[in-house]
Structures are given as C-alpha cells and as structure tokens.
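Here are a few notes to read alongside the model. Have a look at the structure first, and then we can go through it point by point.

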2 protein chains.
Amino acid sequence: MVEKVKAEELALKQREISISEFFAKNRHLLGFDNPTRALLTAVKEAVDNSLDACEEARILPEIIIRIEELSEERFKVSIEDNGPGIVKEQIPRIFGKLLYGSRFHTIKMTRGQQGLGISAAGLYGQLTTGKPISILSKISSKRPAHFYEIIIDTQKNEPVITKEEVLEWKKEHGTRVEIQLLARYIKGDRSVDEYLKQTALANPHVRIIYKPPFGDGEITYERVKDLLPPEPKEIKPHPYGVELGNIIKMLQSSRARSLKSFLLGEFSRVSPRVASEICQKAALAENISPARLSPEQAEGLFNAINQVKIRAPEKDTLSPIGEEAILSTLKKMVKGDFYTASSRPVAVYRGNPFQIEVGLVYGIDGYPQDEFIILCRFANRVPLLYQQSACAITRAVIQVDWRNYGLQHPKDSLPIAPMLLMVHVGSVWVPFTSEAKEAIAHYPEIIKEIKLALQECGRRLSIFLHRRERAFYEAKRRSIFELYARELASSLSSLTGVKKQRIEKQLSLLARARTRFKGL
Amino acid sequence: MVEKVKAEELALKQREISISEFFAKNRHLLGFDNPTRALLTAVKEAVDNSLDACEEARILPEIIIRIEELSEERFKVSIEDNGPGIVKEQIPRIFGKLLYGSRFHTIKMTRGQQGLGISAAGLYGQLTTGKPISILSKISSKRPAHFYEIIIDTQKNEPVITKEEVLEWKKEHGTRVEIQLLARYIKGDRSVDEYLKQTALANPHVRIIYKPPFGDGEITYERVKDLLPPEPKEIKPHPYGVELGNIIKMLQSSRARSLKSFLLGEFSRVSPRVASEICQKAALAENISPARLSPEQAEGLFNAINQVKIRAPEKDTLSPIGEEAILSTLKKMVKGDFYTASSRPVAVYRGNPFQIEVGLVYGIDGYPQDEFIILCRFANRVPLLYQQSACAITRAVIQVDWRNYGLQHPKDSLPIAPMLLMVHVGSVWVPFTSEAKEAIAHYPEIIKEIKLALQECGRRLSIFLHRRERAFYEAKRRSIFELYARELASSLSSLTGVKKQRIEKQLSLLARARTRFKGL
C-alpha cells in the first residue's frame with residue numbers, strides 16, 4: 001500500500017500558484033534581473049504606458065521623467081504624462097494586478113500588449129524596498145486628482161490600497177507614477193539616458209523632459225513634428241492566422257446565428273463570396289448554427305479556410321513613423337555626411353500585418369573608422385536595448401552583404417563603418433522572444449522584409465560613397481593637371497604663337513569638362 | 001471635456017487576462033513556437049513530471065515513450081510511467097490548469113518547478129488540433145484506474161472534463177498521458193531521440209523504452225545503476241536569499257508569537273544565538289510580535305540580517321549524479337580513449353545551494369579532429385537542448401582556456417577536439433532565462449563553480465594527453481633504436497668477441513630503461 005499513501009501524500013501538496021507569485025519568483029523574465037536593468041525596465045514600462053495612453057486619446061505627448069537617488073542602490077523614479085488620466089475605479093487594478101489591461105484582447109499596433117509591465121515594476125519595487133507604488137491621476141480640469149498608494153497581494157494577485165487621497169493638481173489631465181526600487185544608475189548603451197534618446201528618435205511627436213539622478217542638468221528632447229502619427233486601427237483576426245483550437249473556441253462563444261454570418265462577423269477580409277466558398281469547401285451548410293459544429297466539422301472548416309484564397313490583411317492599420325520624420329529626426333540628432341530612409345510596404349506573418357522602416361546615417365562626426373556600426377532597434381516605436389544578438393533585426397543586418405555597398409563587413413558580424421542604422425518593426429502583434437520584450441523572434445517573413453529595406457538604403461549609400469570617392473579622385477586629378485597646365489600653356493604658346501592666357505583658359509575648361517562628364 | 005470622455009472610454013476596455021489566454025497567445029515563451037520544438041517540449045514536460053513523481057515516491061523509474069504519426073504534421077505522443085499515480089480528484093487541475101502544482105512553493109531540487117509544463121503541452125495540443133489531453137492513472141493495485149479527457153477553458157484557466165471513465169489497467173500503479181498535437185519529427189541535436197539519450201546519460205537509475213514514429217525499432221536505455229539517487233531535501237529559505245518585500249510578507253503572515261521564534265522557525269541556518277544577534281543589530285525586542293513590525297522596522301531587520309554572519313545553507317539537500325555514476329554511464333554510452341569526472345562541493349548563490357558536476361570523454365571514436373566539442377548541458381538532471389549560446393554553462397566552457405590543457409581553442413568559441421563535455425547544474429532553484437527552461441542565467445557564482453570543475457577535468461586531460469604524446473614519441477624512438485640495434489650488435493660482437501645475442505639483449509634493455517626513466 002506504499003503507492004497509495006504516496007499518491008495521496010503528494011496530492012496534499014498540490015496548490016494553485018498566483019501569477020504574481022510566479023513573476024515575483026521569476027522576475028528576471030520581465031527584465032528585473034539586476035538593479036541596473038531594473039531601473040531601465042521600470043522607466044521603460046511607465047513611459048511606454050504614457051505614450052500609448054496619450055496616443056489613444058489623441059494628445060501630443062509630453063513626458064517628464066525624474067530619477068532620484070534616495071540612498072545607496074535605492075532610487076525613486078517618477079514618470080509624469082499629460083495623457084487622458086485614468087478613472088479612479090481602474091487605478092488600483094491597473095497598477096496592482098498582473099495581467100490586467102486594455103490591449104491584450106485587441107489586434108492593434110501599441111507598445112504595451114500584455115497588462116504586465118507597470119504592475120511588474122511596482123511589484124519589483126515592493127519586493128526590493130517594501131514600498132508601495134504611488135499614482136496621481138486626473139481625467140479632467142473639472143475634476144480633482146486622485147492619489148493612491150498600492151501594494152500587490154501576491155498570493156491573490158489583487159491590489160491592496162494603503163493610502164487614498166483626493167488632491168488638487170494644477171495639471172489639466174495626466175498621470176504620474178512613482179516607484180521606489182533597488183537600482184543602479186549607469187551611462188552607456190543600455191542606460192535610461194540612451195533609452196530616452198532613442199525614444200525621441202522613433203517618436204518625433206513626443207516632448208521628453210528628463211532629470212537624471214546626478215548633476216543639475218535637465219535634458220529636453222523637443223518635438224520634431226507637431227503632429228500625432230496616424231491612429232493605428234484595431235482589426236479582427238485574419239482567418240489565416242487563427243489556429244484550430246481558437247476557431248473551436250470562437251465557434252462556441254459566437255452569437256452569430258449562421259456559420260456564414262460567423263465567418264463574416266468574426267474575421268477580417270472575409271467577403272460573402274469568400275464565406276460561401278469556405279462553407280462549400282468544408283461541406284457545411286451556410287445556415288448551420290456555429291455552436292452546433294462537431295469538433296470534426298470545426299476541423300473541416302479550419303482546413304477549408306486554409307484552402308480558400310483570402311485577401312491579405314488591411315494595409316492601413318499600422319502607424320509607421322514615416323521616411324520624412326525619420327530623416328528629420330536623424331538629421332537633428334546625429335551629425336553625419338549622408339542620410340537616407342526607407343519604408344517597406346505592409347507585409348504579413350501568420351495573419352498579422354507588419355511594416356519595416358529603416359533609417360541610415362553615414363559618416364558620423366567623430367566616430368572611429370574601425371568600429372562596428374551603431375544599430376538602434378525598435379518595435380512599435382519602443383527602443384530595444386538588450387538581447388541584440390538574439391534579435392531578428394540583428395540577424396537581418398548581418399545577413400545583408402554590406403561589402404556590396406562599399407563597407408567592410410566581417411563574416412557573422414555587423415558591418416564596420418562610422419554609421420548608424422535604425423530599424424523599426426511595427427506590427428499589430430510583435431513576436432517578442434520573452435515577456436521582457438527585448439528581441440524579436442526570427443520569423444522568416446520579418447527578416448526578409450528588414451533585409452529588403454536595408455538593401456534599399458545600402459544601394460543609396462553605395463551611390464553616395466561611389467560619387468564621393470570619384471569626386472575625391474577627380475579633384476585630385478584636376479589639381480595635378482592644373483599644376484602642369486601653366487607650364488604646358490607656356491610651351492604651347494611659344495610653339496603656336498597663341499596667347500598663353502588663352503591656352504591656359506582652354507586647358508582649365510578642358511579639365512572641368514572632364515569632371516563634368518564624369519571622367520569620360 | 002474631451003479628456004474625460006477619453007479616460008472613461010479607455011476604462012471600458014480594461015479587463016483581466018487569464019494566465020491560459022496569456023500563454024496561449026505567447027506559447028513561444030513556453031517552448032511551443034514551432035512544430036519541431038513543440039514535439040520535443042511536450043515529451044520533455046511529460047518525462048520530467050514522470051521522473052519527479054517516481055523519485056518523490058522512491059520508485060525506480062521506468063518510462064515508456066511512444067510517438068505516432070496520425071496524419072501530416074499531426075502526431076500523438078504518449079508517455080507512460082510506473083510512478084505513484086495521481087489521486088482522481090487532482091487529475092483535472094494538474095493537467096487542465098496552468099500554474100497549478102506541488103513544487104512551486106518548496107525549495108527543493110526537482111525538475112519541474114512551476115506547475116506550467118504539462119498543462120501548457122495540453123493547451124498547445126488543444127490549440128493546434130482541438131483535441132483534449134487524455135490521462136490514465138492508477139494509484140494502487142487494489143484500486144481501478146481512472147481515465148480522463150480534459151480541455152482547458154482558457155478564459156477561466158480551469159479544466160473542463162470531456163470524458164471520464166473507470167478502467168481496468170494491468171499496471172500496478174502509474175500514469176499515462178496522451179497528447180495530440182501539430183508537430184514535426186526530426187533527428188539530430190535537438191530531437192526527441194537526443195533528449196532521451198541525454199536523459200539516460202544524466203539519470204543512470206532510469207529505464208527508458210522509446211518507440212519513435214517511424215521504423216519498427218524500439219530503443220531501450222537500460223539502467224546503469226539499480227539504486228535511486230539520494231532524496232533531495234526540502235529546505236527553508238536561507239536569510240541571505242530573501243528580499244525585503246518577502247520578509248515583510250513573511251512577517252505579516254507568520255503565526256510566530258515573537259520575532260525570535262519567527263527567525264528560528266521560518267529560515268534555515270538561524271540558531272538562537274544568530275536570532276538574538278539579528279534582533280540586537282536591528283534594535284528590536286526579541287519578543288515583539290512579528291505582525292506588529294512597521295515597514296521601517298522590517299527594513300531594519302532586513303539590513304541587520306545582511307550584517308550578521310549566518311552559516312551557509314545545508315550541504316546535503318541536493319541530489320547529485322555522482323562522479324562514479326557519471327563515469328559508468330559515459331563509458332557505457334560513448335566510446336573514447338579517456339574518461340574523467342569531477343563533482344564540486346555545494347556552493348551558494350542568493351541563498352540557494354547548488355552543485356556542479358562535470359564529465360569528460362576524450363578521443364571519441366570516429367569524431368572528426370577539427371570540430372567543436374560536444375557540449376551536453378543539464379539542469380537538475382534535465383538535458384537542455386536549445387539556447388546553448390545564452391547559457392551560463394556555455395559561457396563557462398568558453399572562458400576556460402583549453403589551450404592550457406593541450407586543446408585547440410579559438411577565441412570566444414568552444415574548444416576544438418574529439419571530446420564530449422557534460423555539465424550538470426543541480427540546485428534547489430535553477431535560475432533559467434525563460435519559462436521554456438533552456439538556458440541558465442549568468443550568475444557569477446555559478447559560472448565560477450563550473451569553471452573550477454572544468455579546470456579540474458582539464459588538468460587530468462592534459463596529463464593524459466601529455467603521457468600519450470610522450471609514449472608515442474618514446475615508442476617511435478625505441479623502434480628506430482631497435483632498427484639499428486641488430487646491426488650495432490653485429491659490429492660490436494666482431495669488435496669485442498662478445499656474443500651478438502647478448503649484446504642485442506643488453507641494447508634492448510638499455511632502450512627500455514630510457515623509456516622507463518622518461519627520456520632521461
């Protein structure tokens with residue numbers, strides 16, 4: 001009877017694990033694995049939320065970031081926006097409950113997707129300092145502001161309000177989040193400073209005011225563009241991107257009366273003709289009730305969908321930065337000799353539309369000739385600072401043969417040049433490799449599109465480099481020619497009797513013509 | 001009033017996200033990102049569970065794995081064990097609810113930790129084929145077996161039983177899990193075949209019977225050792241590894257009447273003397289009620305803990321494979337010229353004990369001389385097949401300078417040699433870089449310990465290589481000497497009149513002596 005006892009003994013230990021407990025123990029998964037990175041992640045999650053909220057409310061964002069050192073390794077970060085504010089009732093759950101948010105169930109290009117980030121930052125603060133996250137928010141000039149201090153009950157994954165006040169706040173509307181946390185402040189590639197700089201680069205419509213923890217200074221990134229980017233649209237799922245299990249679930253929970261209206265109503269790009277064709281291919285009546293389909297019939301439907309030709313997803317759902325805005329921002333922020341940008345048309349992976357944009361600056365002032373290029377990666381306008389080598393963007397940059405465009409390019413590495421590349425992947429669903437959202441998974445469709453955009457910029461760069469090189473040699477050749485022209489004119493003058501000045505003038509015209517006809 | 005409307009409009013979209021919905025959308029995070037990997041992950045999760053259950057019940061494990069192709073890209077995997085079985089009431093939640101398990105809240109060396117794996121495998125099967133996971137389990141020869149088919153309600157993260165039966169099963173006790181899933185079967189480095197082979201390597205006490213999908217054959221890995229590894233012990237948290245936020249939570253939920261008894265009861269390695277010292281350092285009375293501590297006092301306590309010298313965690317909580325078992329298994333499974341193994345003493349990171357074991361085979365039969373070594377990584381006896389380059393184990397192997405031990409070793413890469421290295425990290429809490437549990441995070445303490453074990457094996461290897469090289473040259477020298485010895489003996493014989501045979505014998509003794517005195 002040993003085995004019976006054992007099974008029953010083991011059964012006693014079985015318990016439900018709350019998502020808060022899970023992520024408290026596994027906080028490295030969310031980007032809180034060490035104090036340096038935790039600081040960046042906390043700022044990033046708050047700024048991403050602010051920008052998403054402002055854009056959804058069609059407000060030109062102005063974000064104020066303050067970082068203050070309280071004691072050794074303990075910092076307070078404060079992120080304030082001029083967004084629409086958050087209604088009182090929602091504040092506790094948005095900041096004090098993991099997996100709670102507005103964007104998870106939508107298919108739309110936004111920075112936040114999962115309802116995890118800001119509450120995870122609060123949870124990290126709570127774990128390392130014992131202090132609550134504090135929120136001040138105001139939704140209208142006619143209403144007071146609400147102030148909350150919130151702790152997460154990790155066992156229940158529910159907010160516990162430790163302080164609640166109604167305050168006057170001179171701002172018309174907006175939200176301010178403050179978190180105390182164990183952190184370390186650094187400069188360099190993966191710093192808050194770099195993150196904010198790159199955020200300004202990919203968001204020309206944002207004004208950022210940044211007060212770093214040390215020094216008196218304040219850094220301001222002014223708007224390059226006083227116009228919000230086009231509003232991204234929420235779309236229904238494309239039939240090609242939906243899995244069998246999801247179709248079964250959709251069928252069961254649908255209120256549609258007939259299979260045909262189900263297909264028309266729940267998916268994008270399904271016309272009445274396409275819906276009929278799917279029903280026919282699946283050998284199902286158009287008027288059958290969706291909830292009554294057997295698992296086998298559902299599978300037949302799934303197979304039929306993938307056999308019918310359906311239009312690609314809508315193209316105008318995304319909100320690209322735009323070539324022009326990329327160029328203006330790059331010119332403002334990086335001093336170089338040559339600038340170019342390229343936007344690809346919208347493409348699709350697994351039914352999700354996505355779009356690639358690339359900006360390039362060559363000949364960066366003061367950048368060493370023998371170093372790897374600077375690669376700035378962005379997903380839905382958010383800079384990605386960690387996990388560069390694991391990212392599809394890096395893979396694509398490495399796969400392009402930059403020697404074709406006149407650069408040094410060692411095998412399996414970035415090219416070597418005084419150059420900056422910015423690559424932006426915008427999508428209704430960015431396939432990150434982890435919840436910390438640092439690297440994009442290697443989907444072949446995405447890598448291919450990035451390469452095409454890079455190659456376009458590369459070709460333009462190579463024309464510039466080629467011209468510059470030729471101009472350089474032409475100038476050199478002409479200066480040598482002109483050196484001898486005077487002497488030659490003297491000799492020719494005494495041989496022919498023509499005036500020396502006239503010959504000199506003719507010779508110099510000749511030299512210029514050679515240059516003008518590009519060496520012919 | 002635009003802003004008021006906006007905030008209220010946005011509020012309407014806020015919703016709770018169930019952990020099942022989250023992982024259904026983000027299933028690449030759990031190792032189900034493509035059909036090839038999904039097959040491996042599903043098998044791995046089921047086998048890990050079986051082994052954990054058998055060992056907890058102190059049963060020598062026998063696992064039967066069957067993979068069957070049902071149609072193109074659709075497979076059925078079946079994993080059957082002789083474990084203790086699962087009590088009827090627990091079956092639905094263990095297999096039909098994410099984040100439900102017995103091991104999350106314990107500090108103990110086990111394969112599974114999170115209560116995610118097997119239900120995630122079922123969820124993937126459900127998403128891609130619409131079919132339920134099926135479980136057959138029996139806890140005693142005197143009871144019938146229970147059969148269940150289960151679907152996860154992803155919106156609620158709760159099991160839905162679609163079929164339930166009481167069956168006869170000739171097995172005394174055990175569990176069989178079957179999952180239908182979209183999958184692809186491959187051979188090679190990241191295949192199920194390789195995973196099972198490496199599982200046998202790190203688990204000499206397990207018998208594995210494997211029926212691959214194609215071909216008639218069955219592969220059996222017999223036990224190398226008929227003895228279970230020592231039972232790992234569950235421990236209380238070590239004070240150095242607990243964060244401020246956790247201490248606050250522990251204080252609040254503790255039933256201890258005094259701070260001193262709280263410290264004695266909730267942590268490992270706290271003696272009455274240490275407890276008193278902590279209270280004194282924190283300027284807190286020993287008999288104060290834990291629940292009554294203010295946040296500031298809790299922080300004082302936290303700081304005091306980290307100032308007091310506390311013994312390192314217990315050393316006998318882990319269950320290492322053992323040098324001897326590693327050597328026997330390596331000798332049985334890999335044909336080579338030289339074998340060695342090294343176990344490090346137990347070390348600690350963040351209050352968690354861990355232990356490194358390394359096995360090495362050199363001169364693998366038929367392995368090319370100019371290829372990188374084979375690196376087999378293990379965490380708590382589980383083979384890690386993906387994300388090699390992101391793993392602390394790989395980092396440690398690269399950081400060791402293998403040229404010191406006579407191997408070729410290009411910069412920033414694995415060494416080049418006909419060699420296999422197995423590295424096992426055993427810990428009560430393995431810090432994986434993702435839920436898919438494929439790579440170990442770069443904790444300096446862990447990397448350091450791995451390097452020490454590798455260096456130990458490296459030194460032994462270099463002695464072997466050195467001896468072999470010398471033996472080779474000696475043999476060569478002797479054979480040249482012996483070539484001339486006969487002729488020399490002839491000449492000497494005619495010169496001295498001593499018998500030729502005698503001189504030859506003397507010369508050959510001389511040659512051997514030279515060898516014996518190692519070339520002197």
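1. How many residues lie between β6(A) and β7(A) in their hairpin? In this predicted model, 4 residues separate the two strands, and N157(A) in the turn has a positive phi of about 55 degrees. Strand β6 (residues 145-153) and strand β7 (residues 158-167) of chain A pair in the antiparallel sense over 9 bridges. Within that pairing, F147(A) stands opposite E165(A) of β7(A).

2. Now step back to the sheet. It is open and has 8 strands of chain A, ordered β7-β6-β5-β8-β3-β2-β9-β10, with mixed pairing. β7 and β10 (219-221) of chain A are at the edges with a single partner strand each, so one side of each has no neighbour in the sheet. On average, neighbouring strands are turned by 15 degrees against each other, direction ignored.

3. Follow the sheet to β10(A). Its antiparallel pairing with strand β9 (residues 207-211) of chain A has 3 bridges, and T220(A) is the bridge partner of I209(A). Helix α6 (residues 192-202) of chain A packs on the sheet, touching β2, β9 and β10 of chain A. The direction of α6(A) makes about 170 degrees with that of β9(A).

4. Another helix to find is α3 (residues 35-56) of chain A, which lies across β2 (62-71), β3 (74-81) and β8 (174-182) of chain A. Helix α3(A) runs at about 15 degrees to β3(A).

5. A word on confidence: chain A has a mean pLDDT of 90, with 97% of its residues at 70 or more. Over residues 515-520 of chain A, however, pLDDT stays under 50. Where pLDDT is low, predicted coordinates should not be read in detail.

Key. Residues numbered from 1 in each chain as written. Chains lettered and ligands numbered in written order. Predicted model: local features only at pLDDT ≥ 70, side-chain atom pairs only at ≥ 80, totals over all residues. Heavy atoms only, no water. pLDDT = per-residue confidence, 0-100. Contact = heavy atoms within 4.5 Å. Pairing = 2+ DSSP bridges. Axes fitted to C-alpha atoms, helices over the stretch in contact; angles between N-to-C directions.
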